[in-house]
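Subject: Structure for you to look at, with notes

Dear colleague,

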Amino acid sequence: MSTAAATARPREVLADLLPASRVRDVALVLGGAALTGLAAQLSVPVPGSPVPVTGQTFAALLVGTTLGASRGLASLVLYALAGLAGVPWFAEGSSGVSVSFGYVLGMLLASTVVGALARRGADRSVLRMAGTMLLGEAIIYAIGVPYLAYAAHLSASQAVAAGLSPFLIGDAVKAALAMGVTPTAWKLVGKR
């Protein structure tokens with residue numbers, strides 16, 4: 001076991017266990033953006049909704065908890081800017097601004113918040129990760145659903161019906177996966 005992994009401090013996230021360097025940080029930010037873009041391609045249309053179910057939220061929350069607030073935010077900013085510039089890696093291979101862009105904006109904030117909580121140890125146990133993931137999902141919806149209502153000219157109840165309700169079960173599954181991944185990773189490196 002490397003010395004970086006041998007001494008986990010409470011203020012570390014998983015990415016901090018790698019030897020520190022600017023190259024590491026740039027690679028992690030690029031990797032976080034790429035992971036989010038790839039996960040967005042795992043997309044299933046939802047009947048009656050302009051928003052598909054994707055792996056995007058799972059990736060954004062995982063990026064935040066494993067990279068920490070600043071690198072997580074940088075990854076999601078890169079993801080958003082590249083998508084706005086034309087890289088077809090938003091949901092369903094799209095790019096640019098759409099009615100679902102508010103969810104991307106929500107992921108920016110959510111990744112930052114869950115990353116900050118991970119720095120305080122919220123990624124070390126399943127129970128703490130549960131609360132962290134729920135908060136992250138709530139942030140994404142708190143920005144995404146009103147944006148959907150505005151951009152698609154929907155009432156609040158229509159936006160909730162089209163942009164929140166159909167996704168709750170899938171997001172619970174994605175959150176459960178994330179809740180298992182990071183605490184397990186900490187156990188594998190021998191630190192909690």
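This is a predicted model: local features need pLDDT of at least 70, side-chain atom pairs count only at pLDDT 80 or more; totals for chains, interfaces and linings use all residues.

The pocket comes up first. The largest pocket holds about 300 Å³ of space, and its lining is made up of 26 residues, among which Val 51, Pro 52, Gln 56, Ser 100 and Tyr 103 lie nearest the centre. By class, the lining consists of 14 nonpolar, eight polar and four charged residues. Several elements contribute at least two residues each to this lining, namely strand S2 (53-54), helix H3 (56-67), helix H5 (101-119), helix H6 (126-152) and helix H8 (168-188). Of the contributions to the lining, the largest share is that of H5, with four residues.

The packing of the helices can be taken pair by pair. Two packed helices are described by the angle between their axes and the distance between the axes, and I give both for each pair.

For H3 and H5, which both supply residues to the pocket lining, the axes come within 7 Å and cross at roughly 35°, and the crossing is right-handed. On the H3 side the contact involves Gln 56, Thr 57, Ala 60, Leu 61, Val 63, Gly 64, Thr 65 and Leu 67, and these meet Val 104, Met 107, Ala 110, Ser 111, Val 114, Gly 115, Ala 118 and Arg 119 of H5. Sorted by class, this contact of H3 with H5 contains nine nonpolar, six polar and one charged residues.

H3 also packs against helix H2 (residues 22-40), where the two axes again come within 7 Å but cross at roughly 160°, which makes H2 roughly antiparallel to H3. This crossing of H2 and H3 is right-handed. From H2 the contact takes in Leu 28, Gly 32, Leu 35, Thr 36, Ala 39 and Ala 40, while H3 brings Gln 56, Ala 59, Ala 60, Val 63 and Leu 67. The residues of the contact of H2 with H3 comprise eight nonpolar, three polar and no charged ones.

The remaining pair is H6 and helix H7 (residues 156-163), whose axes come within 9 Å and cross at roughly 120°; H6 and H7 are therefore oblique to each other. The crossing of H6 with H7 is right-handed. Here Tyr 141, Val 145, Leu 148 and Ala 149 of H6 meet Ala 159, Val 160, Ala 162 and Gly 163 of H7, and by class the contact has seven nonpolar, one polar and no charged residues.

Val 44 sits in strand S1 (residues 43-44) and, if its neighbours within four places in sequence are left aside, is in contact with Pro 52 and Val 53. Pro 52 is also one of the residues that lie nearest the centre of the largest pocket. Between the C-alpha atoms of Val 44 and Tyr 150, which are 106 residues apart along the chain, the separation is 23 Å.

Finally, there are two backbone points to check when you set up the model. Glu 92, in the loop between helix H4 (69-84) and H5, has a positive phi of about 60° although it is not a glycine. His 153, found in the loop between H6 and H7, likewise has a positive phi, of about 55°, and is not a glycine either.

With best regards

Notes. Residues are numbered from 1 along each chain as its sequence is written. Side-chain values use heavy atoms; hydrogens and water are left out. On a 1 Å grid over the protein atoms alone, a cavity is a set of points where a 1.4 Å probe fits but cannot get out, and a pocket is an open set with protein on both sides within 12 Å along at least five of seven lines; lining residues have an atom within 4 Å of a point. Grid points are joined across faces, edges and corners, and a volume is the space filled by probe spheres set on the points. Ala, Val, Leu, Ile, Met, Phe, Trp, Tyr, Cys and Pro count as nonpolar, Asp, Glu, Lys and Arg as charged, and the others, Gly among them, as polar. Axes are lines fitted to C-alpha atoms, for helices over the stretch in contact, and angles run from 0 to 180 degrees between N-to-C directions. A crossing is left-handed if the near helix is turned anticlockwise from the far one by less than a right angle, and right-handed if clockwise. Contact means heavy atoms within 4.5 Å. Angles under 35 degrees count as roughly parallel, over 145 as roughly antiparallel, 65 to 115 as roughly perpendicular and the rest as oblique.
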